[in-house]
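The sequence and structure are shown first.

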Amino acid sequence: MPSVLSYESLVHAVAGAVGSVTAMTVFFPLDTARLRLQVDEKRKSKTTHMVLLEIIKEEGLLAPYRGWFPVISSLCCSNFVYFYTFNSLKAVWVKGQRSTTGKDLVVGFVAGVVNVLLTTPLWVVNTRLKLQGAKFRNEDIVPTNYKGIIDAFHQIIRDEGIMALWNGTFPSLLLVFNPAIQFMFYEGLKRQLLKKRAKLSSLDVFIIGAISKAIATTVTYPLQTVQSILRFGRHRLNPENRTLGSLRNVLYLLHQRVKRFGIMGLYKGLEAKLLQTVLTAALMFLVYEKLTAATFTVMGLKSARKH
């Protein structure tokens, strides 16, 4: 129990949250382009900068940053939960010994499940707020009118039931493998580099953060597309089955995507996603590593966990 409630775990959690918020703010417009391409099926797949220029032209200069606050709030909570759970479980399991790739994957998976179950309602709300007021090409999308985060929660519970806040939970649970794969590669590459040198440079951290996220994103992207559609929840699709997030609905949406756009339809928006997620993850890990190291140095402590 002391390891779970340790000061070290809290430092890692806060550093992870600050790192993710900083990185997402810098690269937020790329995420806006990715989400539009995933959800608006009739928007033609173009290069990321062309999609962003279209959005700015049609909706205004600040449109790429629409929904920034709810996304950042959700991301801050989500990464705090993930980093705290990951480092607490790792401290309990590893107990000062050298970790392994297998242990990193298991701990990352468990931390991801805890994170999904606790924070999915926040992501459902921020997905809708981020897309509110967008000019869609797809007429099947039902517009929303939320006044803010609290009002969005209220309207969703009133009109769709409380379980609608967990729309997309099933693909989200499958997507737990994304951060688990990311952390497995990140920790593995980090261990390999630390065998050759005493300390990692900022460039080392940035590069291994980018590589680990690129691998995880490419492998799991089709499920991320389904997750975005389910969280948005405004499509007039599959009326006979309203159990959004079930395996049947996930398979239905994947099949419809392939049927309409071919196999590459599953990867629509991947360019924007890779740009955003790889750069965000790399910058996030850089801020995270520097902040944790600085905090432990200032407090006169040394990280007890061996990588």
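## Salt bridges and a buried loop residue

A network of salt bridges links K90, D104, E187 and R191. The model is a predicted one. In total, 10 salt bridges are counted.

**R36 and E59**
- R36 and E59 form a salt bridge through their side chains, at 2.9 Å from N to O.
- R36 sits in helix α2 (residues 28-39) and E59 in helix α3 (residues 48-59), 23 residues apart, and the pair links distant parts of the chain.
- R36 is buried, with a relative accessible area of 1%.
- E59 also counts as buried, because its relative accessibility is 16%, and buried means under 20%.

**R128 and E160**
- A salt bridge joins the side chains of R128 and E160, at 2.7 Å from N to O.
- R128 belongs to helix α5 (residues 101-131) and E160 to helix α6 (residues 149-160), so this pair ties together parts 32 residues apart in sequence.
- R128 is buried at 0% relative accessibility, whereas E160 is partly exposed at 34%.

**K190 and E289**
- The side chains of K190 and E289 meet in a salt bridge of 2.7 Å, N to O.
- K190 is in helix α8 and E289 in helix α11 (residues 270-298), so the pair ties together parts 99 residues apart in sequence.
- K190 counts as buried at 4% relative accessibility, and E289 counts as buried at 18%.

**L175**
- L175 lies in the loop between α7 (169-174) and α8 (177-196).
- L175 is buried, with 8% relative accessibility.
- Leaving aside residues up to four places away in sequence, L175 touches T220, L223, Q224 and Q227.
- L175 and V113 are 62 residues apart in sequence, and their C-alpha atoms are 9.3 Å apart in space.

Methods: Residues numbered from 1 in each chain as written. Predicted model: local features only at pLDDT ≥ 70, side-chain atom pairs only at ≥ 80, totals over all residues. Heavy atoms only, no water. Helix = DSSP H or I, 4+ residues; strand = E, 2+ residues; numbered from the N terminus. Buried < 20%, exposed > 50% of the residue type's maximum accessible area, 1.4 Å probe, protein only. Contact = heavy atoms within 4.5 Å. Salt bridge = Lys/Arg side-chain N within 4 Å of Asp/Glu carboxyl O.
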